[in-house]
Amino acid sequence: MENVKWVWKYIRKYKLRMCIALIFVLVASALSMVTPYVSGIIIDKVIKQSHHDMLLKLCMLMLAATIIKSIIRFSYQIMFETISQGAYMKIRESMYQKLQNMDFKFFDTTRTGDIMARMTGDMDTVRHLISWVIYMVFENAAIFIFAVTLLFTINWQFTLAMLLVVPFLAWAAIRLAGDVRPTFSAIREQFSRLNSVVQENISGNRVIKAFATEYIEINKFDKENEAYRQRNMDSAKVWSKYLPIIDALAGTLSLIILIVGGILTINNKISIGELVTFNSIVWALGNPMRNFGWLINDIQRFNASADKIREYLNNESAISNIEKAAKKEITGFVEFKNVSFGYDNDEVLKNVSLKAKPGETVAIIGPTGSGKSTLVNLICRFYDCSEGEVLIDNVNVKDMDLRTLRSKVSVAMQDVFLFSDTIEGNIAYGVPDAPYESIKQAAGIADADDFISSLPEGYDTIIGERGVGLSGGQRQRIALARAILKDPSILILDDTTSSVDMETEFEIHRTLRSFYNNKTTFIIAHRISSVKNADKIIVLNGGQIIEQGTHKELLNLKGYYYNVYQSQYGDFDGLDEKEVG
Amino acid sequence: MARNKYDVDEELLTKFKMKDLIRLLKYLKPYKLTMFVTVLLMLTASVANLIGPLLVQNAIDYKIPAGNIKGLVILSGIFVVTLIVNAICFKFRVILMSQLGNNVVKKIREDIFYKIQKLPFSYYDSRPHGKILVRVVNYVNSLSDLLTNGFINFITDMFTLVCIIVFMLFINVKLTLISMIGLPPLFICIMLIKNIQRKNTQALSMKQSNLNAYIHESICGVKVTQSFAREEQNQGIFHELNKIYRRAWMRFVKANFVLWPIIETISTIGIIILYFGGIFWVKGITIGVLIAFTSYISRFWQPISNLGNFYNAMINAMAYLERIFETLDEEVSIENLPGAIPMPEVKGAVEFRNVSFSYEEGKKILDKINFRFQPGSTIALVGPTGAGKSTIINLLSRFYDVQEGEVLIDGINIIEVQLESLRKQMGVMLQDTFLFSGTVMSNIKYARPDATDEEAIRAAKTVCAHEFIMNMPNGYYTEINERGTRLSIGERQLISFARALLADPRILILDEATSSIDTRTELALQKGLQGLLVGRTSFIIAHRLSTIKNAHCIMYVDNGSIVERGTHDELMAARGYYYKLYNSQFSVMEAG
């Protein structure tokens with residue numbers, strides 16, 4: 001019921017159209033009574049009483065009714081399809097919107113294949129319900145009710161006798177509904193799993209080939225594929241138990257006509273013409289009954305899918321705007337006040353405090369897993385800190401409008417994701433209407449203009465998803481250009497140039513500095529050369545700041561930074577005297 | 001290679017062919033017996049069903065006018081038997097059909113999945129992954145209905161048709177002929193609609209594919225989207241794609257829905273003609289016969305409209321089938337040659353002989369590369385990004401085939417050996433550090449599932465990953481997500497490094513394996529590796545030169561050629577490219 005209410009929310013908008021469509025259904029169902037009714041008259045009047053002159057008129061009536069019914073039926077089918085497509089689109093779009101706005105944590109813990117399963121297979125069951133099941137229910141109910149009414153007017157005792165099957169039918173239907181539901185949920189669950197295995201297999205194709213582990217993948221897949229088959233069979237077993245019963249109950253109607261109707265006719269309680277009418281209307285009772293079982297199947301299938309979709313829609317993003325969020329310009333003062341953060345029980349940042357002014361460059365260095373990326377992720381609120389506060393221009397980021405915040409903070413993430421689009425489209429991802437010159441300029445700053453221009457199609461080259469076809473360094477530079485083009489107040493470079501050679505990297509940083517003299521820049525890097533000119537260098541270890549200061553100051557500390565410096569340049573004593581070309 | 005993006009329809013390479021259908025039927029071949037039994041069941045059921053009207057006709061014509069209640073009871077008894085027979089047939093038919101359908105779907109999915117395992121990188125590189133995904137999962141599912149219900153219904157409908165016609169002929173030949181007058185116009189209508197339908201279904205399947213590809217990409221790239229606050233923009237694109245899809249859908253259903261009214265109208269005309277015929281033209285028709293006939297006629301049009309539905313379903317399925325078969329027929333450009341031998345245990349001598357290579361025609365990435373190394377050598381490749389370093393090592397594992405020249409390992413041309421036996425002995429650490437969903441342990445053991453936990457932990461320790469893994473909530477048994485989100489890239493690199501090491505490869509290839517790892521960890525790692533590298537040939541690509549100084553040979557790659565080679569000392573003495581590169585890291589310290 002919950003699920004029906006939920007779907008109703010999306011259909012409500014089309015109430016009027018829905019009403020018209022349902023009226024059409026009623027009219028069409030009423031019209032479908034005409035043929036059998038007229039048939040009865042033909043038998044009684046035309047044949048038995050030899051009113052042959054009536055035949056043509058009656059036949060024309062039949063034909064007219066059929067044609068009108070066909071047209072009406074076609075129109076309401078289209079109406080229902082329009083409504084369902086409208087609602088379906090809305091559902092899909094709200095789901096998409098939900099996904100676009102879910103927090104990082106959700107994506108860290110949810111498999112892509114699982115999301116895909118809900119966006120495709122489950123969505124389709126919902127569409128099926130709206131476009132097909134709803135009007136089938138109405139159509140069948142209407143036909144059934146019309147038939148019963150018609151039969152009542154002819155002979156109510158006989159009609160009641162026929163309706164005796166209904167309680168049995170209801171019993172079977174309720175049992176079916178109860179038993180089949182869990183099997184459909186199991187199918188959806190397994191479908192998700194199958195989808196995830198295939199999805200990962202496709203995404204990980206390079207690794208699989210590199211290790212020649214196709215056989216492992218095939219084993220994984222076989223297991224899920226077989227389980228999926230099994231779940232489908234489980235379900236088939238349930239409905240194969242009830243559907244024949246329902247079908248037989250519908251068939252019993254004809255039996256009642258034969259025996260009860262026959263006896264009534266013999267006893268002159270009804271005319272033979274009436275018996276014929278009953279006989280020709282029996283389908284109008286039997287078909288809805290037969291369809292009932294299938295419809296219950298469909299409805300339960302929908303219920304299973306709707307549960308899965310709603311599970312996502314009801315998910316609240318942990319990161320969302322508060323009311324009256326501040327929407328002002330951002331100048332670039334960044335402050336961390338006693339910030340701690342952990343994923344679940346795993347504490348990543350411990351009591352971190354730091355300050356940065358516009359125009360300053362803050363470099364962060366430290367061992368793998370020391371919390372560098374986490375630290376910068378808190379600035380644009382990809383996660384919320386568990387203790388302390390992150391302030392931008394003295395406003396807590398939690399009190400700022402998320403869109404304003406993110407549009408003024410630009411992150412070039414270490415995990416480069418490019419879209420299957422042209423290079424131009426990728427660089428302009430954050431500023432879709434950017435003119436070509438600015439795109440080229442941003443690419444120039446990221447030192448990507450040269451290699452892009454050397455491609456046969458230049459900026460119009462389509463690159464594959466995740467930027468396949470480009471080298472790591474090239475991908476990084478496109479991602480960097482993308483971040484630069486946004487013209488942010490705060491620029492964050494999260495190990496963005498690790499695959500770029502040192503000289504290029506250095507050039508990039510130098511260009512950036514000249515462009516960003518009024519902006520705040522955070523740089524995460526491993527090479528001393530990239531961080532040494534920063535206004536402030538922070539050394540993170542185990543989630544804590546263990547050293548901070550300028551290059552010179554840190555060297556004098558002879559601590560972690562000094563050690564890193566030594567290992568990178570240690571063999572190059574007397575660097576200062578060295579003559580360089 | 002032409003790449004496809006989400007809003008571009010894929011080209012359909014094959015035209016509608018009877019061949020596809022026959023090919024699909026081949027999947028049904030192992031189930032001949034099941035199909036036979038199912039058809040038998042359905043036929044029994046349809047005969048049982050058809051007896052009903054006969055019984056009613058008999059009652060109305062003879063038993064009721066005669067007031068023969070006993071006769072009625074006998075007829076009812078027969079009726080009950082037909083109902084029971086029908087129900088039993090129904091039940092077993094459903095089970096057998098589901099079995100058949102699900103088995104075939106499983107088999108097709110298996111085939112397509114096995115097939116994509118063999119497809120080269122270029123296949124994956126040239127289209128959005130979402131489009132591949134829907135082929136394996138959703139498209140195959142779409143066939144299931146055709147397979148479970150479609151074919152068997154088709155056979156039984158055909159039989160029912162024949163049965164009805166026989167029954168009708170049995171009762172009255174002239175009336176039968178009159179009743180069938182509607183058939184020719186119907187077939188004309190179906191032929192007319194056919195082409196429109198086919199076009200519509202294909203369009204629909206392509207729009208659907210585009211939409212799915214976009215959804216998939218949106219999910220994978222959601223972090224980028226959020227950091228660029230581009231959600232609204234994407235929502236707009238998604239809305240547009242949805243609208244296009246809806247338009248295609250409406251066009252598709254309209255053509256489908258139009259068939260039914262046509263059938264119904266023709267059917268009514270049939271009944272009208274029957275009445276006229278029965279009353280005016282053909283003499284001596286009883287009421288019972290007429291009733292039986294009208295009843296048969298409505299049953300006669302039922303299978304015909306089912307045939308219409310079957311036809312629709314088939315057209316739909318064909319659109320998917322084409323995509324599936326297209327994938328199955330995709331050329332496997334890299335596969336075992338006939339008579340390929342298993343690669344003997346690799347000692348590690350590696351040789352490139354005049355190797356040239358290009359991804360796209362006319363754009364040479366490598367030009368006549370020559371080198372030769374003894375087993376156990378450590379070879380470093382340096383040079384600007386895009387110079388061809390990664391390509392060289394990709395050729396070594398035969399991820400691509402060379403266009404000219406030969407790649408030899410231990411003197412054996414690698415195209416002559418079995419692919420799997422070759423790759424199993426190479427440990428490649430790619431720039432792309434893909435991890436699978438599962439535990440850290442299962443990821444490290446990925447290439448050697450039979451390794452013990454101790455071995456895995458030893459590998460992790462060697463690459464200095466042990467410490468951070470132990471810091472995770474459940475240590476080695478912490479569940480990680482696909483692509484290892486939440487782990488930093490450096491951590492992911494270390495795990496995939498451990499994975500490569502545990503595979504105990506004869507040739508180790510490190511493509512910027514440590515680019516995101518901090519210097520101190522890297523140093524420790526190198527120390528750990530030292531022992532492991534003895535006796536193994538290894539290729540290293542790195543930008544941090546400290547990593548490669550001790551290599552036996554350093555090759556400077558620029559523009560697809562090796563412009564310099566030698567040891568660190570030799571190259572420094574030569575004062576060429578390498579010298580410049582090496583010094584640049586210090587010059588940048590000076591500058592600034």
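1. Let's start with one pair: B:Phe352 stands opposite B:Val407 in β4(B). Strand β1 (residues 350–357) and strand β4 (residues 404–409) of chain B pair in the antiparallel sense over five bridges. Strands pair if DSSP finds at least two bridges between them; strands (E, at least two residues) and helices (H or I, at least four) are DSSP runs, numbered from the N terminus.

2. Before you read on: this is a predicted model, where local features need pLDDT of at least 70, side-chain atom pairs count only at pLDDT 80 or more, and totals for chains, interfaces and linings use all residues. Residues are numbered from 1 along each chain as its sequence is written, while chains are lettered from A and ligands numbered from 1 in the order in which they are written.

3. Now the sheet around that pair. Chain B has an open, antiparallel sheet of four strands, ordered β2-β1-β4-β5. β2 (366–373) and β5 (412–413) of chain B each have a single partner strand, so one side of each is left without a neighbour in the sheet.

4. Chain B also has an open sheet of six strands with mixed pairing, in the order β6-β9-β10-β3-β11-β12. Here β6 (426–429) and β12 (561–566) of chain B stand at the edges. Strand β11 (residues 553–558) of chain B pairs with β12(B) in the antiparallel sense over five bridges, and B:Ile554 stands opposite B:Gly566 in β12(B).

5. Finally, look at where the chains meet. The contact (C-beta atoms, placed from the backbone, within 7 Å) takes 149 residues from chain A and 143 residues from chain B. Helix α10 (residues 214–266) of chain A gives the largest share of chain A's side, 30 residues.

Note on methods. Two residues are in contact if their C-beta atoms, placed from the backbone, lie within 7 Å.
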